[in-house]
Amino acid sequence: LTIRKILPLEDKEITLNVTEQDVISLNECISEDIDYDNLVLLHPGLGWESKTFPVAWWEDIIDKLIDKGHQVGIIGKYIDDTLGVLDINIRDGVIDLRNLLGLGELFAVIIEAKVVITNDSSPVHIACAFDNWIAFIPTCKHPDNVLAPRNGNKYYKTIVMYNELMDNPSEAVPTLFHGKICNTIPDDKNIYNFIPTSEDLVSKIEENIFRQ
């Protein structure tokens, strides 16, 4: 506003650094061998009602990814029953990294993974600092307002899937500093009205990332 200009996308890119110590610390946290070229990271975000997806939906994604021969890692921190990441059942083929990683180790595993799947903005912002794939499932915020540009493009190596958004940008009042935040699901709908099926999401990931 001060200079009466919009910054070019390349000047809005996120820069994060991963140190050698971060990699060493990450390896100390993981007791299993990881095939990073085949690793899919999940961050099943837990928060307000409109951005908390059913555990069964996430677990179905995990099962389908394992059936496709992928290794699955779960990242994030459980804070309490209303914030953090969901309590996903761990099965063979899943590496549970929840509550184990500091920021440096988290950066290190994200930069190495093939793709990060999440419904939460925090891991999206981290992944946007690197060159790996992102699969983002928004429900209440438009992806234009969450994704950071890479290579001058907000949708570089990014899959975005949703059926509709609870917050319609056309309804926003331009003079308000904060836009509308839709914390709850409309009474006449449920979360499945807004998110893709697990089959559609995994198929899109396979098609765009692993079949290239």
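Axes are lines fitted to C-alpha atoms, for helices over the stretch in contact, and angles run from 0 to 180 degrees between N-to-C directions. Helices (H or I, at least four residues) and strands (E, at least two) are DSSP runs numbered from the N terminus. The model is predicted: local features need pLDDT of at least 70, side-chain atom pairs count only at pLDDT 80 or more, and totals for chains, interfaces and linings use all residues. Residues are numbered from 1 along each chain as its sequence is written, and side-chain values use heavy atoms, with hydrogens and water left out.

**Exercise 1.** Describe how α1 and α3 cross, and list the residues that meet.

Solution.
1. The axes of helix α1 (residues 20-29) and α3 cross at roughly 85° and come within 8 Å.
2. The two helices are therefore roughly perpendicular (angles of 65 to 115 degrees; under 35 is roughly parallel, over 145 roughly antiparallel, the rest oblique).
3. Contact means heavy atoms within 4.5 Å. From α1, Asp22, Val23, Ser25 and Leu26 meet Gly104, Glu105, Ala108 and Val109 of α3.
4. Ala, Val, Leu, Ile, Met, Phe, Trp, Tyr, Cys and Pro count as nonpolar, Asp, Glu, Lys and Arg as charged, and the others, Gly among them, as polar. This contact has four nonpolar, two polar and two charged residues.

**Exercise 2.** Describe how α2 and α5 cross, and sort the residues of their contact by class.

Solution.
1. Helix α2 (residues 55-67) and helix α5 (residues 198-210) have axes that cross at roughly 40° and come within 9 Å.
2. That angle makes α2 oblique to α5.
3. On the α2 side the contact is made by Trp57, Asp60, Ile61, Lys64 and Leu65, and on the α5 side by Ser198, Glu199, Leu201 and Val202.
4. By class, these residues are five nonpolar, one polar and three charged.

**Exercise 3.** State which elements each supply at least two residues of the lining of the largest pocket.

Solution.
1. These elements are β4 (84-85), α3 (103-112) and α4 (121-127).
2. The lining divides into 13 nonpolar, six polar and two charged residues.
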